[in-house]
Each structure stands twice: as structure tokens, then as C-alpha cells.
Amino acid sequence: MSSRPFDAARGRRGLLFIVSAPSGTGKTTLVERLVQVVPNLKMSRSYTSRPARAGEQNGVDYNFISRERFDAMVRDGAFLEWASVFGHCYGTAAADTDALLAAGHDVVLVIDVQGARQVRSRGIETVGIFVLPPSAATLEQRLRGRSKDSEDQIRRRLEVACGEVDEFSQYEYLVVNDDLEPAVGRMAAIVQAERARVKVMRRHAEEIIETFKAPPPGARTSGKA
Ligand code: ADP
Ligand code: 5GP
């Protein structure tokens, strides 16, 4: 695949993908890899009132902000969607997403099921990808293996997961995160298929078809010899 920013060059607005999964499934790991292997695909950076964990960087993993600033952004209508998850607030800034889409980048929001519902209810066209772990036991292992959460937090995340998994049918695609690279490959295939839709390719197709309307070079010289 070409690495030039073909979408920006062709003037189409970017596509908006939503990826949701129970905490610990591996959605962040998957999407971080996905944006490395698929050109012109950007992961949106959320705002959160949660404190940064060891190793997390402001402006890289999240925009870490105070609860006061988060509430002010809610009041100002700055969020495309926001939700309270495990006692902290998380949101997607409408202006950040819009700037990326307007520049022709396809964008992935890695957000929980509440946030996904809000984006859909605004009538915004999205492509939803739900990610499931291979089993509840694997999810528990991954939460423990990540060693970012206390025992209480792990229990809470597993309880919430039981409700979240029922939401899968609200999404257009389902990916089971069994082995990482094959799962990334399936996600990349979804992005490529969405990019190849006729409604997305229409403008580029019209440019190609325009070239058929001028007489082909061979036709101009034929008959003169
Ligand atoms: P989420 O963003 O869904 O909460 P993470 O991306 O933080 O999940 O992943 C949770 C843990 O599972 C991490 O330790 C990560 O390295 C691991 N993980 C992610 N995908 C896989 C996979 N396919 N196989 C094994 N471990 C995985
Ligand atoms: P964590 O604290 O583990 O990074 O994230 C906890 C949960 O918050 C995850 O389910 C994640 O998808 C969700 N999340 C992260 N950013 C956003 C966001 O901008 N909006 C919403 N609605 N959820 C988010």
C-alpha cells in the first residue's frame, strides 16, 4: 500500500472508527500496533481526570487534566463524548477529532461502550469494532499480567466486563484478540475494506473516469500514418 497521504490529497474527509472492549482485552495494544501498520490512520488521544500511572506520559497516553478542567470542558460542550469509567472521567475532544478528520486522516477512538453509544446517538457516521478476549479466564489473566490494577480494581473490571460484552451486537465488526498479530491483521483488513467502499472511493473513481473522457493518445495519432 502507498504511504503517501492519499486521502488528504483526494480531499475526502476521514473515516471515524470506534474500538471498544472490556478493560484488559488488549484494545490499546491492538490499536497502537494497528496505527503502525496502516498508513494515514490516527489514534485519538483522550482527556482524562485519572492520574497518570507509572510509565504513562501526558500528551502521549492521554491528556491528563484536573477534574475541574474536565468539568469545565463538559460545560463548554468541548467533548464529542465523555463518560465516567471506574470512578474517573474520560472524554474525546470534538475539536481534536474534527481537525484530524478534516485533514483527511482516518481516526480511531478507543472508548468504552457508553462513549460509543453517545457518538452513535449524535447521528455521526462511524464504523464500530468490538473486541472480545478469547474467554473470561483469559481476560482475568491479562488484567493480572498487566499488573496496573489492585485486586479490587481487577474484580471491578471483571464485573463491568460481564455487562459490556453484551454490547457487541451494536458494532459493525467483531475481532477476537487471541494472538496479537493475526488480530491486528483482521483489524487492518476491516479498515482497508471500509476505505474501499464505493461511497468512499467515489471521488477518486470519478477522477479516473474523467481520464476516459479525453481522447486516448493512440486515438489522436491513429489514421495519420
Ligand atoms: P485494554 O486497553 O483493553 O485495557 P491493554 O492493551 O492494556 O488492554 O492489554 C491488557 C494486557 O494484555 C497487557 O498486558 C497486554 O500486553 C496484554 N495483551 C494484549 N493483547 C494480547 C494478546 N493478543 N495476547 C496476549 N496478551 C495480550
Ligand atoms: P484506562 O484507565 O484503563 O486507561 O481506561 C479505562 C477505560 O476508559 C477503558 O475502557 C477505555 O476504553 C475507556 N476510555 C479511555 N478513553 C476514553 C474516552 O475518551 N471516552 C470514553 N467514553 N472512554 C474512554
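## Helices H2 and H8

H2 passes H8 in a right-handed crossing. A crossing is right-handed if the near helix is turned clockwise from the far one by less than a right angle, and left-handed if anticlockwise. Helices here are DSSP runs (H or I, at least four residues), numbered from the N terminus. H2 covers residues 27-37 and H8 covers residues 180-195. They pack at an angle of about 60°, with axes 9 Å apart. The axes are lines fitted to C-alpha atoms over the stretch in contact, and angles run from 0 to 180 degrees between N-to-C directions. H2 and H8 are therefore oblique to each other. Angles under 35 degrees count as roughly parallel, over 145 as roughly antiparallel, 65 to 115 as roughly perpendicular and the rest as oblique.

Thr29, Leu30, Val31, Arg33, Leu34 and Val37 are the H2 side of the contact. H8 brings Leu180, Glu181, Ala183, Val184, Met187, Ala188 and Val191. Contact means heavy atoms within 4.5 Å. By class, there are ten nonpolar, one polar and two charged residues.

## About the model

This is a predicted model: local features need pLDDT of at least 70, side-chain atom pairs count only at pLDDT 80 or more, and totals for chains, interfaces and linings use all residues. Residues are numbered from 1 along each chain as its sequence is written, chains are lettered from A and ligands numbered from 1 in the order in which they are written, and side-chain values use heavy atoms, with hydrogens and water left out.

## Helices H6 and H7

H6 (residues 136-146) and H7 (residues 151-164) pack at an angle of about 150°, and their axes are 10 Å apart. They are therefore roughly antiparallel to each other. H6 passes H7 in a right-handed crossing.

From H6, the contact uses Leu139, Glu140, Leu143, Arg144 and Arg146. From H7 come Glu151, Ile154, Arg155, Arg157, Leu158 and Ala161. By class, this contact has five nonpolar, no polar and six charged residues.

## Ligand 1

Ligand 1 has 14 residues around it (a heavy atom within 4 Å). Gly24, Thr28, Thr29, Arg146 and Asn177 come nearest. A side-chain N or O atom of Thr29 is 2.5 Å from an oxygen atom of ligand 1. Thr29 also belongs to the H2 contact with H8. A backbone N or O atom of Lys27 lies 2.9 Å from an oxygen atom of the ligand.

## Ligand 2

Around ligand 2 there are 16 residues, and the closest are Ser46, Arg50, Tyr62, Tyr90 and Asp112. A side-chain N or O atom of Tyr62 is 2.5 Å from an oxygen atom of ligand 2. For a polar side-chain atom of Ser46, the distance to an oxygen atom of ligand 2 is 2.7 Å.

Key. Helix = DSSP H or I, 4+ residues; strand = E, 2+ residues; numbered from the N terminus. Nonpolar A, V, L, I, M, F, W, Y, C, P; charged D, E, K, R; others polar. Polar contact = N/O pair within 3.5 Å; in protein donor to acceptor, adjacent residues only side chain to side chain.
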